[in-house]
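I opened my notebook to work through one structure, element by element. Here is what I looked up.

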Amino acid sequence: LSTTKINEELLEGFKWQAKSNEAFQLLFLSRIETYKGIYEALKTYKILKAQYPNCSLTIAGDGSQLYNVKNYAKEHLKDVSFLGHVSNDKLKFAFKNADIYLLPSYSEGMPTTVLEAMAFGLPIVSRPVGGLVDFFENDKMGYLVESQEPQDFAEAILSIVQKQKKYNKISHYNHAYAKQHFMASKVVKQLEKIIADV
């Protein structure tokens, strides 16, 4: 059992820094499908927006629900940006400009986007699915929420963004952990060791 990996080039030029802004931007970066939790993400954002008018949501990705999601956002929400499919510089832009990574997915293998978000210092709010449960440390990396209730995701996010010291502690820990465990060069060495042992 190993892990997916992060392309080292993705982090070129990125240097972790503490943040102190009151506004925050949520990022949902995945296939725009019901099973990825996109509607839970929208409803979570609606709850947060009522309390924090300065918060915003960025949705990156394509999928069968994109048209419906855009219509829902247009009718019910404000400050929602759609980036479409992202890669290379657009992918870097999405992570660098976000503050929290939200993925209320129903099921996963090992979601590379979570590992990438961690590398960019984003606290993670997701669910205990797939390989995440093998390494994720609740409260130190963010939160894996057992339920699928938007209120529960909103409360997890608020518990991070309302405490600046806690936010920056999680952010720095995730950046350091991802660089230590998920970079391609590290994963290659792990695989080489497994093969040598076998």
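**Strand β4 and its partners**

I started with Leu27, whose bridge partner in β4 is Tyr101. This is a predicted model, where local features need pLDDT of at least 70 and side-chain atom pairs count only at pLDDT 80 or more, while totals for chains, interfaces and linings use all residues. Residues are numbered from 1 along each chain as its sequence is written, and side-chain values use heavy atoms, with hydrogens and water left out.

I noted how elements are named: helices (H or I, at least four residues) and strands (E, at least two) are DSSP runs, numbered from the N terminus. Two strands pair if DSSP finds at least two bridges between them. Strand β1 (residues 25–29) is joined to β4 by two bridges, and these strands run parallel.

Next I looked at β5. It pairs with β4 in the parallel sense, over three bridges. Leu102 stands opposite Val125 in β5.

Which residues of β4 are buried on its two sides? I used these cut-offs: buried is under 20% relative accessible area, exposed is over 50%, and partly exposed is in between (1.4 Å probe, protein chains only). Ile100 and Leu102 are buried on one side, and Tyr101 and Leu103 are buried on the other.

β4, α4 and β5 make a right-handed β-α-β unit. Right-handed means that, with the strands pointing away from the viewer, the path from the first strand over the helix to the second runs clockwise.

**The β2, α2, β3 unit**

I found a right-handed β-α-β unit in β2, α2 and β3 as well. β2 and β3 run parallel and are joined by four bridges. Leu57 has Val80 in β3 as its bridge partner.

Then I turned to α2. Its buried residues are Leu66, Val69 and Ala73. Seen down the axis of α2, they fall within an arc of 60°, so they line one face of the helix. The arc is that of the directions from the helix axis to the C-beta atoms. Tyr67, Lys74 and Glu75 are exposed on the other side of α2.

What do the buried residues of α2 pack against? I listed α1 (38–51), β2 (56–60) and β3 (80–84). Contact here means heavy atoms within 4.5 Å.

I picked out Leu66, which lies in helix α2 (residues 66–76). Leu66 counts as buried because its relative accessibility is 16%. Not counting residues up to four places away in sequence, Leu66 touches Ile32, Gly61 and Phe82. I also noted Thr34: its C-alpha atom is separated from that of Leu66 by 10.0 Å, and the two residues are 32 apart along the chain.

**Helix α6**

I tested the length of α6 (residues 164–181). The expected span of a helix is 1.5 Å times one less than its number of residues. The 18 residues of α6 should span 26 Å, and its end C-alpha atoms are 26 Å apart, so the two agree.

The buried residues of α6 include Lys166, Tyr167, Ile170 and Tyr177. Among the elements that cover them are β4 (100–103), α4 (112–119) and α5 (150–161).

A polar atom of its side chain lies 3.0 Å from the backbone oxygen of Met141. I recorded the cut-off for a polar contact: a pair of N or O atoms within 3.5 Å, where within protein one must be able to donate a hydrogen and the other to accept it, and residues adjacent in sequence count only if both atoms are side-chain atoms. Leaving aside neighbours within four places in sequence, Asn174 has contacts that include Met118, Leu122 and Ile124.

**Loop residues**

I ended with the loops. Phe120 sits in the loop between α4 and β5. Phe120 counts as buried because its relative accessibility is 5%. Its contacts, leaving aside neighbours within four places in sequence, include Leu10, Phe14 and Phe95.

Asp79 is in the loop between α2 and β3. Asp79 has a positive phi of about 60°, although it is not a glycine. At 45% relative accessibility, Asp79 is partly exposed.
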